[in-house]
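Thank you for coming, everyone.

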Amino acid sequence: MEPVREVSGTAYPWGAKNIDTDVIIPAHWLKTIKRSGLGKGAFETVRAQPGNIFDDPRYAGAPILIAGDNFGCGSSREHAAWALADMGVKAVIAPSFSDIFSGNAFKNGIVPVVLPQEQVDRLLEVAQQSPGDQPVTVDLETMTVTTPYQDRFAFELDPFRRRCLMEGLDEVGLTLAKDTAISKFEERLDSERPWIKGESGYEGLVIEGAGRT
């Protein structure tokens, strides 16, 4: 996972509420376990509508999505986060998120930013003005969302998740960061309980209550 310290650029001013994961990525795209290529299926039903925001060239490649309340509800499919990441979205701003979607977003390097509805409305207004010229910035260092119009909105994020995002640590990365401690534990375990590895030389070992081995 790539470190995320700041996400800045054009934002999709969508604002739709109660968007479930089937809207983010329809079920027929779930046959793959690859994370690449899902961006083509992201918001497929929305893109079928003429004049939709996701095919508007003014917002092409926008790294931020401004959504409505309860974003990512419904199925727990992680493909939803994969699809957003594949289409280039690195942060989603909304008044609230489904807990499971929020967790999946975090695990895939997407920043879920929770702000009050009135602040989200203001960002929607800014994002609709001269797309591409009025960037929205999500800063994990200062924990703020800012605009060129001096808007500055503070948000909160779990400290552990913030650290993982800023350092680019997923579950594998977190495990590797403990490599020294894990190696020392394994060495001690091999010394104290060598039979666990099935090494020979313990044919005469007596295990209490189990007879001779």
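At roughly what angle do the axes of helix α3 and helix α4 cross? Before I answer, please keep in mind that what you see is a predicted model. In that model, helix α3, which covers residues 79-86, and helix α4, which covers residues 99-107, have axes that come within 8 Å and cross at roughly 45°. The two helices α3 and α4 are therefore oblique to each other, and their crossing is right-handed. On the α3 side the contact is made by Ala 80, Ala 81 and Leu 84, while α4 brings Phe 101, Asn 104 and Ala 105. Sorted by class, the residues of this contact between α3 and α4 come to five nonpolar, one polar and no charged.

Let me stay with α3 for a moment and ask how many of its eight residues are buried. The count is six, so that α3 is mostly covered, where buried means under 20% relative accessible area. Those buried residues of α3 are His 79, Ala 80, Ala 81, Trp 82, Ala 83 and Leu 84, and they pack against α1 (21-24), β3 (64-66), β4 (91-94) and α4. After α3 comes Gly 88, with a positive phi near 100°.

Is Met 166 buried or exposed? With a relative accessible area of 9%, Met 166 is buried. Leaving aside neighbours within four places in sequence, Met 166 is in contact with Pro 3, Val 4, Arg 5, Leu 140 and Glu 141. Met 166 and Glu 2 are 164 residues apart in sequence, and yet their C-alpha atoms are 8.4 Å apart in space.

Now a word about the backbone in two loops. Most residues other than glycine have a negative phi. Gln 150, another residue other than glycine, has a positive phi near 70° and is found in the loop between β7 (144-146) and β8 (152-154). At 70% relative accessibility, Gln 150 counts as exposed.

Finally, let me step back to the chain as a whole. The secondary structure of the protein chain comes to eight helices and eight strands, and of its 213 residues, 43% are buried. Among contacts with a separation of 6 or more, 66% are between residues 24 or more positions apart. The accessible surface of the chain comes to about 11,700 Å², and 50% of that belongs to carbon and sulfur atoms.

Notes: Residues are numbered from 1 along each chain as its sequence is written. This is a predicted model: local features need pLDDT of at least 70, side-chain atom pairs count only at pLDDT 80 or more; totals for chains, interfaces and linings use all residues. Side-chain values use heavy atoms; hydrogens and water are left out. Helices (H or I, at least four residues) and strands (E, at least two) are DSSP runs, numbered from the N terminus. Buried means under 20% relative accessible area, exposed over 50%, partly exposed in between (1.4 Å probe, protein chains only). Contact means heavy atoms within 4.5 Å. Accessible areas come from the Shrake-Rupley method with a 1.4 Å probe; for residues, only the protein chains shown count as cover. Axes are lines fitted to C-alpha atoms, for helices over the stretch in contact, and angles run from 0 to 180 degrees between N-to-C directions. Angles under 35 degrees count as roughly parallel, over 145 as roughly antiparallel, 65 to 115 as roughly perpendicular and the rest as oblique. A crossing is left-handed if the near helix is turned anticlockwise from the far one by less than a right angle, and right-handed if clockwise. Ala, Val, Leu, Ile, Met, Phe, Trp, Tyr, Cys and Pro count as nonpolar, Asp, Glu, Lys and Arg as charged, and the others, Gly among them, as polar.
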